[in-house]
Amino acid sequence: MKHEKISIKWRVFTYLLIFTGILLVVLWLIQICYLDSFYTMIKSREAEQVTSVAAGILTSDEEDKDTMIHDIAAKNNMAVYVTDIQGNEIYSAEYIVNSRLTDMPSEQIQYYYEQAKEHGGIFKVEYEGGINPEFWDDNMKKPENVEEDLLRDEKEPLEPATEDGTENGNERVFHGFLQKRGQERIKSVIYVKAVECKGQEYILMVNTQLTPVDATVNTLRIELVWITVIMILLSLGIALLLSRQISKSLIRINESAKALAKGDFDVRFDGKDYREVAELSDTLNATAKELGKNESLRRELIANVSHDLRTPLTMIIAYAEVMRDLPGENSPENVQVVIDEAGRLTNLVNDMLDISKLQAGVMEKNDTEYNLTESIESVLERYNKLKEQDGYCIHFEYDRKVLVKADEYKIYQVIYNLINNAVNYTGKDKTVWVRQKILQDYVRIEVTDSGEGIAEDALPYVWDRYYKVDKTHRRAVMGTGLGLSIVKNILELHHARYGVESTPGCGSTFWFELPIEK
């Protein structure tokens, strides 16, 4: 059963929605689930930095230290409290709710000072709701179990407050801080630092709240609800817009590709929205152009091969019927015509088979060391009859004989086909030049005719089967019309350099190069 493929438009749409959902989940986790942890970490660092800055102020030569301490406390919403080692207040700036640094007993201050000294000059105290069991005021009655006492605070209603301030109705003092029963236990931190300046020691305490205020958390939650709704709506719109925009060009390319598959090689691919789509369009346009060219060559090939097959067959049948029906026509000349046309037909079939084998990569080459110059001379001997009967003149120029290592029979085919091509397209003087040139470690063979030449834009196509510059098919004087295609494939099999040089009106020169054997 064939499964329906998902459209790229809806796939992109789905991916964008999933991405938006992941962002919202991460946002909710950070802002709600882990808000306390982040807030605690940030406020602790800020308190530590304020402690360092306040210590720098105390040790500086500034005159208005009280104002500077108030400024830094107000800017960071903290409480800064400075005393001497006896606990006597020197500077005080409180900018947080429920801070009780100024109410802290001197004994507790001295206890923190000793702890700071023991811990390298700074001591950190974390507490919740003002309860810290590490230190109890002597004026207070210490509960037997702190956890049970706190539980009692939550469950038992207390009497109204009395005036003694130790343990009264709705308030009790632990660790020098005010704690109201039933009040939310807020986590806070105190940094205690021992500071020495000009021979005098100070106790610096910085207090900040580590638990976010309920109003802040509720505000963040409401904002996140609105942000979530807006993000979902925006993501739906943006995802739909992007998916349509991305898929639009691909849909157009797909429609053009369907037309190409039906044989319309003039179709154009015009996707230019994105670089990758533009590159795909250019590639498909080039493909359509090449397919159209190949289709045109295929039709020409069928027409030309049909013509080249029909002509010798027609002549063979005609001469055979003449010799059968007319007495005295069974002459050696007529028999020779039948033999020549049969040979031409055989050569055409052999050439087509050679091209198929070469292009399929199944034809092997048998390299041997042989005399290339003598091989060219043997090729030229095949044209003696053509020179005598039709007046063709073929010149061979060379300085010395050279040895090469190649497949002698296939290079023989190359030279023969190049000369055939020159004979077919040379000018009225019927002259062809074959030149052998020594270029350092290479020998270069050139075959030149005096014909009309080839236009520059047509040069890359002359190696194609049955390619005609003038597009008119005529019967070749020599060969089958497939020679240059065979030449190209054989030379590429030998990894040889080859090419053609031509100027319209001045003839053409076909050449190839092979390494010389020392």
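Helix α2 lies across β1, β2, β3, β7 (187-197) and β8, and runs at about 20° to β7. Contact here means heavy atoms within 4.5 Å. Helices (H or I, at least four residues) and strands (E, at least two) are DSSP runs, numbered from the N terminus. As for angles, they run from 0 to 180 degrees between N-to-C directions, with axes being lines fitted to C-alpha atoms, for helices over the stretch in contact. The model is a predicted one, in which local features need pLDDT of at least 70 and side-chain atom pairs count only at pLDDT 80 or more, while totals for chains, interfaces and linings use all residues. Residues are numbered from 1 along each chain as its sequence is written, and side-chain values use heavy atoms, with hydrogens and water left out.

The sheet under discussion is open, with five strands in the order β2-β1-β8-β7-β3 and antiparallel pairing; two strands pair if DSSP finds at least two bridges between them. At the edges stand β2 (89-94) and β3 (122-128), each with a single partner strand, so one side of each has no neighbour in the sheet. On average, and ignoring direction, neighbouring strands of this sheet are turned by 15° against each other. Strand β1 (residues 79-84) and strand β8 (residues 200-209) run antiparallel and are joined by six bridges.

On the α2 side, the contact is made by Lys43, Val50, Val53, Ala54, Ile57 and Leu58, and α3 brings in Lys65, Met68, Ile69, Ile72 and Asn76. Sorted by class, the residues of this contact are eight nonpolar, one polar and two charged. For that tally, Ala, Val, Leu, Ile, Met, Phe, Trp, Tyr, Cys and Pro count as nonpolar, Asp, Glu, Lys and Arg as charged, and the others, Gly among them, as polar.

Now to another sheet. This one is open too, with five strands in the order β10-β12-β13-β15-β14, and its pairing is mixed. Its edges are β10 (393-398) and β14 (497-502), each with a single partner strand, so one side of each is left without a neighbour in the sheet. From one strand to the next, the twist averages 15°. Six bridges join β14 to strand β15 (residues 508-515), and the two run antiparallel. Glutamate 501 sits opposite threonine 509 in β15.

Helix α9 packs on this sheet, touching β10, β12 (431-439) and β13 (442-449), and its direction makes about 175° with that of β10. Helix α11 lies across β10, β12, β13 and β15, running at about 170° to β15. The helices α9 (residues 372-381) and α11 (residues 408-425) pack at an angle of about 45°, with their axes 10 Å apart, and are therefore oblique to each other. In α9, Leu372, Ser375, Ile376, Ser378, Val379 and Leu380 meet Ile411, Tyr412, Ile415, Tyr416 and Ile419 of α11. This contact has nine nonpolar, two polar and no charged residues.

Notes. Parallel < 35°, antiparallel > 145°, perpendicular 65-115°, else oblique.
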